[in-house]
Amino acid sequence: MTVAAPVLVLLDHTETGALRAPVRELLTLARGLAGSAPVHAAWPLDGIEPSASVIDDVASLGATHMHRLSADGDLHLSAVLAEALASLLDATGAGLLLLESSFENKEAAARLAVSTGAGVITDADTLSLVDGRFVAAKTVFAGTWNTTCAITAPLAIVTVKPNSVVVSTIAPTTPVVTDHAVAVSEKARRVTLVERVVRPESGRPDLGSAAVVVAGGRGTEGDFSLVEELADVIGGAVGATRVATDEGWIGHDAQIGQTGVTIAPKLYVGVGVSGAVHHRGGMQASGTIVAINSDPDAPIFEIADFGVVGDLFTVLPQAVAELRRLKG
Amino acid sequence: MCVKHVPDIQSERALGPDRRVVRDGGDGTINELDENALEAAIALVEASEGSVVALTVGPADAADAVRRGLQLGAQEAVHVLDDAIGGSDAIGTARVLAAAIKHLDAQEPVDLVITGMAGLDALTSLLPTAIAELLDVPALPLAAELTVDADARTVRVRRNLDHASEVLEAALPALVSVTDQANEPRYPGFKGIMAARKIPITTLTLADLGVDASRVGAPGARTEVLEAAARPARENRVLINDTGDAGTRLAAYLVDNKLV
């Protein structure tokens, strides 16, 4: 017999106060795992208040408690965030903390693992409760191996990859909204955040969490207009290879790969992408892989579900026109 | 200044029947992201003063990783080798590395610990921050740019996150992890390779470090790998040569399979 424990979910949000898309997946997951226990949601109050519609949204996803989390330090610093979350874990008695898989959240998770003794799994695809233990599935070695891991410690911290959970809502109840202010230690303030520049939103989906991604590589010869056009027709994010970002054809934040953004969208379309090891490491866990390249020996074709050997400058305009026609 | 480079373990990309990473691959390459860490460390001491100690943990052939460090210009190489370490999770590995750094710090103060951004194997990106937390020093992870002010004894990094770029600063001693944007790693020269042969690699055990074996390895792990299998090859793959209608066929594939 297992007794479900409360679950705590960190509500990552944009600078304009909108929930990041993967957070809605986390809440859906938390509701299923908590059973009859409460689902606590933590909104980092870094100068941005949760709006009434956000609170409604969070409630319809199953959160029973909403904590406006503040600290006497910058919550963008992982040491401050970790201490604030530790305090909230303590206050809520949560047995599981769910986080979006971002660099910052993984840093906070590492600190919490050391300070609380929690077991941590990063980049989980699924998470379930098996015989009282949290068991996660995740891919390792750049998406080439599937593993399942159990957390054996009493407190579990799991960062979940985007596009892992189908979001569903319930009839909302009114969540209990409370303020949770944390006084952090001197030690958490040893790093100074000298500057933080938020990238402007592109109007397209977020590369790291998009369900559809169109990536351009060397074959584009620096012309990303067709890549962007296809992305916009199919509602995708735009990404790139290391060559394309190093050449300055597009910003470094668009780089997909082992050292850039790791993606696992439902659909990946590689345009003029050869499929170098580094790039594959960041995208080969994608659901369906489509590739267009003029070189029949390009390694991307070894993993493509649908490959076109051809000139992208003729194939892509034709595909875009046909997609517009089919989608009416 | 004394800089530790921590190659977190060379990458060997398979899981064995015991569901642990197979690490007896023989080619013994250094985790390539750690080359950026080595480069950063060596460039820093070249620009000011001090020494670089290359530090690794892992089975016998992990020694190749620190030997590579010596070839590139590190003055000292330390390898933590102990059967009890096998099966450690990220926190267990961090515990061993933190203990080794404390051990070295007692001999000569360590100002800066530099690691790669993540292991290219099953280990996670938790390692750098966990080491810093265990050492009780500030962490400045994912440096795309790294500057050390030796006079002011501060370190500053610029890092690019998913939604923002940040500049972090802290006083030394501190830990940084560097990305592959931080520098262009050098190759070892003939002179470096010859010189490295003369430097012995120091091997330390858990007992030397005063680490309780029950807190690392499988007994100390808080996660347990239950299953591991190579991802099956993709099936029903289609490859076409464009004969004039590939764009149309591509569009039909996306729509028919409800992908868009």
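Student: Which strand of chain B is joined to β8 (residues 145–151) of chain A by 7 bridges?

Tutor: Good place to start, and keep in mind that this is a predicted model. The two strands run antiparallel. One facing pair is A:Asn146 opposite B:Ala229. The partner of β8(A) is β11(B).

Student: How many residues does chain B give to the contact with chain A?

Tutor: Both chains take part, with 71 residues coming from chain A. On the chain B side, the elements that give two or more residues include α4 (127–135), β11 (223–230) and α8 (246–256). That side divides into 34 nonpolar, 13 polar and 14 charged residues. Chain B gives 61 residues.

Student: Now for the sheet in chain A. Why is one side of β5 (119–124) and of β10 (176–182) left without a neighbour in the sheet?

Tutor: Follow the order of this open sheet of 7 strands, β5-β9-β4-β1-β2-β3-β10, with parallel pairing. β5(A) and β10(A) are found at its two edges, so each has a single partner strand. The twist from one strand to the next averages 20 degrees.

Student: Which residue stands opposite A:Ala124?

Tutor: Look along β5(A), which 4 bridges join to β9 (residues 156–160) of chain A, the two running parallel. The facing residue lies in β9(A), and it is A:Val160.

Student: At about what angle does helix α1 (residues 21–34) of chain A run to β4(A)?

Tutor: This helix lies across β1 (7–10), β2 (39–44), β4 (96–100) and β9 of chain A. Its angle to β4(A) is about 160 degrees.

Methods
Residues are numbered from 1 along each chain as its sequence is written. Chains are lettered from A and ligands numbered from 1 in the order in which they are written. This is a predicted model: local features need pLDDT of at least 70, side-chain atom pairs count only at pLDDT 80 or more; totals for chains, interfaces and linings use all residues. Two residues are in contact if their C-beta atoms, placed from the backbone, lie within 7 Å. Ala, Val, Leu, Ile, Met, Phe, Trp, Tyr, Cys and Pro count as nonpolar, Asp, Glu, Lys and Arg as charged, and the others, Gly among them, as polar. Two strands pair if DSSP finds at least two bridges between them. Axes are lines fitted to C-alpha atoms, for helices over the stretch in contact, and angles run from 0 to 180 degrees between N-to-C directions.
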